[in-house]
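Please have the viewer open as you read.

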Amino acid sequence: MRRVTGVVSAIVLALAVTAGGAFAQAKVIKIGNFCDRLGPTQTIGIKYCVGFHDYMDLINSKGGVEGYKIEHNEVEHGYAVPKAVEGYKKFKSDGYVAVVSYGTPITDALKSFANQDKISLLTPGFGISDVEDATKFPYVFVGVASYKSQISAIYQYIKETWKGPGAAKVVYLLYDNPAGRDPLDYVRGIPKKLGGIELVGEVACPPPCAEASSQMLQISKLNPDFVISHLFGKGPALTVKERAKLGMKAPLISLVWGFSEDEINVGGPDAEGYMGVNFVVMPDDLMKTPVAKDVVDMYKKAGKEPPREMNSVYYVRGIMNGALFVEAAKHAIKAAGGKPVTGEHFKQGMESLRDFTALGLMAPTTITASNHAGSRKVRLYKVQGGKFVLLKDWFEGPHL
């Protein structure tokens, strides 16, 4: 396990002068973070993880949480389960009370460990939809719209907007791993529940989905009215280019990990009309918040330029995850009553979140002892003129 070096570490050192003394006798809460900086989803990790650490550094620079320093270290797992399991065991042995998971296969591998070891595992957007059930997974938390909730919301939008004759024909394009397969029951079941929608195909892209031409050609031949895409890494940008190349008219609507500025930057004009859901606001919205100003000021005080990652929606998600943990830490400290904060206290802290918006970055989320889902709401965006345009504000679809 290693702490990420570079800009983040430089800031930590710079802040030590002002914040280090205050923490000399302070208590510490240890929170671990998994990241993919070298594997197939590195285009996400190298931005998301900067946001997470920036927020933790910001909190520490202001005196921590109720006088507690947040010790936040990272394991780079390259989206590989064995490395993640090894890193988790290191977190456990070093006394970490909570960990941010990263990647559905990783969450799947760690969920039983978390329950057994009483270490809170936060999986916002990185997890398995079924861990929303607190009775089965008491130490695993989602907090934002799961893959199933995202699918349901997209179908709800299709139902509301389809004006053509007959049922709207939909194809589901998936990354062929546990993440892509996670919402299949909703992919197949929600059309029947809503009516007026027909699922006409499921097309899988084998990991790492480094080319998607054959998949998009297959989809084109199915002649759908809508394509729901659930890809990661380089795959989404490839589908944007292939859609334009094939002259496809069906809207391409992505789940959260395939809809970012990367697709605009790579796709250029081909990205026009690309759509996607998100469980956080976009970077332009972040930059209007006080937390963005605080982060910029923190970097300037350290003699550094603000990170270019701030322009990424994945950075926004990193900030959001950090804010969720800090809010939970406040409640955990109260639950500990002056004693060292344990994994059980942190669980109580997570289950104390009520209508929490993470500084206005997400829809209000409530987590209780019986429900670890949090919010099911998403926003829907469309690329127009090379920018993200909000089509539909916070909304959700039906349950099965």
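## A loop residue and its surroundings

Leu-361 sits in the loop between α14 (343-350) and β11 (378-384); helices (H or I, at least four residues) and strands (E, at least two) are DSSP runs, numbered from the N terminus. This is a predicted model, in which local features need pLDDT of at least 70 and side-chain atom pairs count only at pLDDT 80 or more, while totals for chains, interfaces and linings use all residues. Residues are numbered from 1 along each chain as its sequence is written, and side-chain values use heavy atoms, with hydrogens and water left out.

Is Leu-361 buried or exposed? Its relative accessibility is 0%, so Leu-361 counts as buried (under 20% relative accessible area; exposed is over 50%, partly exposed in between, with a 1.4 Å probe and protein chains only). Leaving aside neighbours within four places in sequence, Leu-361 is in contact with residues including Phe-279, Leu-286, Ile-319, Met-320 and Trp-394, where contact means heavy atoms within 4.5 Å. Arg-317 lies 44 residues from Leu-361 along the chain, with 8.4 Å between their C-alpha atoms.

## The nonpolar core

A nonpolar core is a set of buried Ala, Val, Leu, Ile, Met, Phe, Trp, Tyr and Cys residues joined through side-chain atoms within 4.5 Å. The largest one has 130 residues, of which Ile-29, Tyr-155, Ile-158, Phe-325 and Phe-346 touch the most other members. Helix α13 (residues 313-336) gives the most to this core, with 15 residues. Setting aside neighbours within four places in sequence, Phe-346 has contacts that include Ile-29, Val-97, Ser-120, Phe-325 and Ala-332.

## Two disulfides

A search of the whole structure finds two disulfides, each a pair of cysteine sulfur atoms within 2.5 Å.

| Pair | S-S distance |
|---|---|
| Cys-35 and Cys-49 | 2.1 Å |
| Cys-205 and Cys-209 | 2.0 Å |

Cys-35 belongs to strand β1 (residues 28-35) and Cys-49 to helix α2 (residues 42-61), so the link joins distant parts of the chain, 14 residues apart. The torsion about the S-S bond of Cys-35 and Cys-49 is about 120°, so this disulfide is right-handed. For Cys-205 and Cys-209 the torsion is about 100°, so that disulfide is right-handed. Cys-35 and Cys-49 are buried; Cys-205 and Cys-209 are buried.

## Confidence

The mean pLDDT (the predictor's confidence in each residue, from 0 to 100) of the protein chain is 93, and 94% of its residues reach 70 or more. Over residues 1-25 the pLDDT is below 50. Where pLDDT is low, the predicted coordinates should not be read in detail.
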